[in-house]
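Okay, thanks for coming, everyone.

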Amino acid sequence: MRKLVIVLLTLALPQLLLADENKVDWDKEFITAKGMCAIRSKKPYHRIVAREKARIRAERDALGTVKSLKIDANTTMVETLKTSDYKETIIRKISGVLKGAAIKEEKVIGDVYHITMAVPLSEVRKALLLPRYPHKPISIRNPYVIPSRNFAAPASKGKVSVQVTDSIGETPSVVVEEEPTVITEEGDKTEAPPADAPWKGLIVDARGLSAEEAFWPRLLDEKGEVVYGNYDATSDFLQDKGPVKYVTSLSAAHSCGRVDSPAYKAKAKKTAGQYSADLVLSQKTADEIRELENNCKFLRNFKVVIVID
């Protein structure tokens, strides 16, 4: 009996150790999972069996990682699978995604077969959404337009003049002197845009807040009202890329390809929601973004990057 227990622990322990290595890379949009199985002998058949078992274990571990993902600030994948009217469809689609996941690496070390697979987050996202919208055409709602004002991008560092014009293009009657939002770090060499250049993206710095990644995060103002987050989930872009891009530095935010230059930078004040995936902006910053969106349209084009730890 003791020998049997030792053998079982020997076979199971390596897989348990690998569980901590499975991870979600929100930057590259992949879940990485690993599986392994001991090869019983040098016979080709046993090698084939070990490979298949390692692949199945990698799929199982990937499924465990998928279940831990956060849908939004208040919902996890596990909770969705428990309550969704489309539970069976979602499970079936996710199972298909895992079975079709690409094998990044496979190797034999000693008498153990190792497999590493990569699961695209975009496919998991589609599995969540498509049961609700299987045939609906793409349409993107636009909840951001404010009809009466147009703000130009700042022309220089320090205090800047922002001209406010009415909707019929009359001569500007108000000049507002204000400080532009500036975030700096070593290596961030973003220059001030020319006066006639619109903002081409939004970068939200959430470092130091223990913010969590989610499929559908929101940006809120201090009153709890949504600045960004009323997405139309039938958009192909949203299903493929998601509403935001997560990175871990400002330099990565500028180079990731999600936003162009110049990008408006804002500092999040705190997180919100049970799972800390929503971000709260100061009321002043939130109002500025709403005003700028009327002219620059970076929110409705999903040009949003969130910088986290």
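Predicted model: local features only at pLDDT ≥ 70, side-chain atom pairs only at ≥ 80, totals over all residues.

So, the overall picture: the protein chain has eight helices and 17 strands.

Residues are numbered from 1 along each chain as its sequence is written, and side-chain values use heavy atoms, with hydrogens and water left out.

Of the 309 residues in the chain, 43% are buried. Buried here is under 20% relative accessible area, exposed is over 50%, and partly exposed is in between, with a 1.4 Å probe and protein chains only. Now contacts, meaning heavy atoms within 4.5 Å. Take the ones in the chain with a separation of 6 or more: 68% of them come from residues 24 or more positions apart. The accessible surface is about 16800 Å², and carbon and sulfur atoms hold 53% of that. That area is Shrake-Rupley with a 1.4 Å probe, and for residues only the protein chains shown count as cover.

Next, holes. Rolling a probe the size of a water molecule over the atoms shows where empty space is left. How many cavities of 30 Å³ or more turn up in the whole structure? Two. By cavity I mean a set of points, on a 1 Å grid over the protein atoms alone, where a 1.4 Å probe fits but cannot get out. Points are joined across faces, edges and corners, and the volume is the space filled by probe spheres set on them.

I'd like to show you the second largest cavity, at about 40 Å³. Its lining, meaning residues with an atom within 4 Å of a point, includes Trp26, Glu29, Arg125, Phe215 and Tyr246. By type, the lining splits into six nonpolar, one polar and three charged residues.

You'll find Trp26 in the loop between strand 1 (23–25) and strand 2 (30–38), and it's buried, at 9% relative accessible area. Leaving out residues up to four places away in sequence, Trp26 touches Leu69, Leu121, Glu213, Ala214, Phe215, Lys245 and Tyr246. Trp26 and Leu121 are 95 residues apart along the chain, and their C-alpha atoms are 8.0 Å apart.

Ser122 is in helix 5 (residues 121–129) and counts as buried, at 10% relative accessibility.

Helix 2 runs over residues 44–68, so 25 residues, and spans 37 Å between its first and last C-alpha, close to the expected 36 Å. The expected span is 1.5 Å times one less than the number of residues. Among the buried residues of helix 2 are His46, Arg55, Glu59 and Asp61.

Why call helix 8 largely enclosed by the rest of the structure? Because eleven of its 14 residues are buried. Those include Arg290, Glu291 and Glu293, along with Ile289 and Leu292.

Most residues other than glycine have a negative phi, and most peptide bonds are trans. Just after helix 8, though, Lys297 takes a positive phi of about 60°. Lys297 sits in the loop between helix 8 and strand 17 (304–307) and is partly exposed, at 32% relative accessibility. Phe302 lies in the loop between helix 8 and strand 17 too, and has a positive phi near 60°, but Phe302 is buried, at 5%.

And where's the cis peptide bond that I want to point out? From Ser261 to Pro262, with omega near 5°. Pro262 is in the loop between helix 7 (250–255) and strand 14 (264–267).

Key. Helix = DSSP H or I, 4+ residues; strand = E, 2+ residues; numbered from the N terminus. 1 Å grid on protein atoms, 1.4 Å probe; cavity = no way out; pocket = protein on both sides within 12 Å on 5 of 7 lines; lining within 4 Å. Nonpolar A, V, L, I, M, F, W, Y, C, P; charged D, E, K, R; others polar.
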